[in-house]
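Here is a short report for someone meeting this structure for the first time.

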Amino acid sequence: MISSLASDLIYFTLNNNPEIYAERFCNKRLTGAEEEARSIETRSPLRDFDLIITSIHYEPDIVNLVRLLQASGVNPFREARQTPIIAGGPVVMANPIPFSDLIDVFVIGEVESSLDKIVEIWLQFKGDKKAFLEEVSKLSYVYVPGLTEGEVVKSYPADLNACFYPVRQIVNTKIEPVFGRGFKLEVNRGCMFACSFCMETRVMAPYRERSLGLLKKLIEEHLTYNPGEKRVVLYSLSFPVRKDHLRILEFMVENNLIASQPSIRLDLINEELLELLRALNQKTITIAPESFSLTTQKLFFKYVKPCEWFEEKIGAALSKGFNVKIYLVYGAPWEGLESIKENIECLKRVISKAKGKRWRAVVSLNPLIPKPHTPFQYFGMKNMKELKQVFKIYKENLKGLVESRAYDIEWSLMQAFLSLSEKPLGKLIATWAEEGGGLHGFKKVAKGFNIDLSRVFNGYRFEETLPWSFIKIPYEKSVPSRIQAEIIYSFMEKARRLSRE
């Protein structure tokens, strides 16, 4: 979290308020015994603070939060604790129920349009948790377990150009951030595409952009504060998505900057983009075709292109001297051996080009994880035996090229269990935290709690009311999960009939 743009937004938004002084905390390790949490700024203990605010971006983040609380003498259960804990983030916006006996206030919204008002209410009722929760529960974008009734509607700033942006940013000097160190520049928010497997497309809707003029200004301000930091980390679910987005890359080239570009859509790869990325000193291009199978492409609602098209696009990147990282998703409910063979054959053709030119192409294999607000909430996940068999086929046919591990399958199961839960999981999570967190801790605790995995493997029925249906995301109809699910279901039913015939 300390390396995330969300932490910058929360931290500086809070400290811009003259009545607030905020400090930061983070886990020292991701598993095992956690030492007492003390703030980065003044080494003050966490238990001495009047309010705790966090963002949950990734389901397993919750166990690390609880490990931090336990190590600091703060009761993780909301009803046994006087200090309110407020949580936001994509995971919370998707389904707060699993964490509802731990967290007091869930923010279904984005920092810029929600945090100031919540803090204003907290300042008004500071020291009276009951009154604070009663008052804050009246906000349309807040979910307070036990108090909120009816719909909760996501809050978001319509115009990112009018929002505060943290030009001075937190730098993690001890651990290399996931995307490396550099100035984090959020170019857009949300996504204009509707890939069926993507939860963030839905919970971060609607799609919005910052103007070219503002992006240039933010970079210039950053260079004024930190002239030695020439690296810019572009924050986006998908960028560039239009030709005019290349202008910001040109601006960075003109200013002798280095860029870290997120995953690039293959249909946007062209000579101009590749030359700009090379000038920005990018070494590796990350692409996410998800699948080379035409059937899977159609049902992922991303690309519908033959292998030759992928060869051409990836070959163009390789010919410019880039290394290529390819993300594939496997384990879709309709996938059979034929789809796997299509992927393997196309990958072999693509990678043979890389080998011929002595460039590096690696493949990251990722199990499909059913998430709330996506069509796969209705289908669930393939069982572990099937997933491990599929993984084994890929590993055997792509020796030396696949980065993923069988371990990732069990980790994915844990994520799916948390994300699709219809019940509070506080006791399980607290026990898991006592066991040190991590996959090993989860597996150990899961046995003791005899957890029900039926939702993970079966999903929810169309006629059921989804546990998170009270959360309303504006523009969610523009990425229609139910319609996509019905198309997927229709295809699977047709395939079953044909197989019987």
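## Cavities

On a 1 Å grid over the protein atoms alone, a cavity is a set of points where a 1.4 Å probe fits but cannot get out; lining residues have an atom within 4 Å of a point. Grid points are joined across faces, edges and corners, and a volume is the space filled by probe spheres set on the points. This is a predicted model: local features need pLDDT of at least 70, side-chain atom pairs count only at pLDDT 80 or more, and totals for chains, interfaces and linings use all residues. Residues are numbered from 1 along each chain as its sequence is written, and side-chain values use heavy atoms, with hydrogens and water left out.

The whole structure holds 2 cavities of 30 Å³ or more.

Residues lining the second largest cavity include Glu 59, Val 91, Ala 94, Met 199 and Leu 418. Helix H3 (90–94) and helix H14 (407–419) each give two or more residues to this lining. Helices are DSSP runs of H or I with at least four residues, strands are runs of E with at least two, and both are numbered from the N terminus. By class, the lining of the second largest cavity has 7 nonpolar, 2 polar and 1 charged.

## Salt bridges

A salt bridge is a side-chain nitrogen of Lys or Arg within 4 Å of a carboxyl oxygen of Asp or Glu. The count by this rule is 39. One of them joins Glu 110 and Arg 208, at 2.8 Å from N to O. Glu 110 sits in the loop between E3 and helix H4 (111–124), and Arg 208 in strand E8 (residues 208–209), 98 residues apart. Glu 110 is buried at 4% relative accessibility, and Arg 208 is buried at 6%. Buried means under 20% relative accessible area, exposed over 50%, and partly exposed in between (1.4 Å probe, protein chains only). A network of salt bridges links Glu 110, Glu 112, Lys 154, Glu 186, Arg 189, Arg 208 and Arg 210.

Glu 209 and Arg 242 also form a salt bridge, at 2.9 Å from N to O. Glu 209 lies in strand E8 and Arg 242 in the loop between strand E9 (231–235) and helix H8 (246–254), so the pair ties together parts 33 residues apart in sequence.

## Two buried residues

Thr 13 belongs to helix H1 (residues 5–15). Thr 13 is buried, with a relative accessible area of 13%. A polar atom of its side chain lies 2.6 Å from the backbone oxygen of Leu 9. Beyond neighbours within four places in sequence, Thr 13 is in contact (heavy atoms within 4.5 Å) with Asp 8, Val 111, Leu 115, Asp 116 and Phe 164.

Ile 103 is in the loop between H3 and strand E3 (105–107). Ile 103 counts as buried, because its relative accessibility is 0%.

Technical notes. A polar contact is a pair of N or O atoms within 3.5 Å; within protein, one must be able to donate a hydrogen and the other to accept it, and residues adjacent in sequence count only if both atoms are side-chain atoms. On a 1 Å grid over the protein atoms alone, a cavity is a set of points where a 1.4 Å probe fits but cannot get out, and a pocket is an open set with protein on both sides within 12 Å along at least five of seven lines; lining residues have an atom within 4 Å of a point. Ala, Val, Leu, Ile, Met, Phe, Trp, Tyr, Cys and Pro count as nonpolar, Asp, Glu, Lys and Arg as charged, and the others, Gly among them, as polar.
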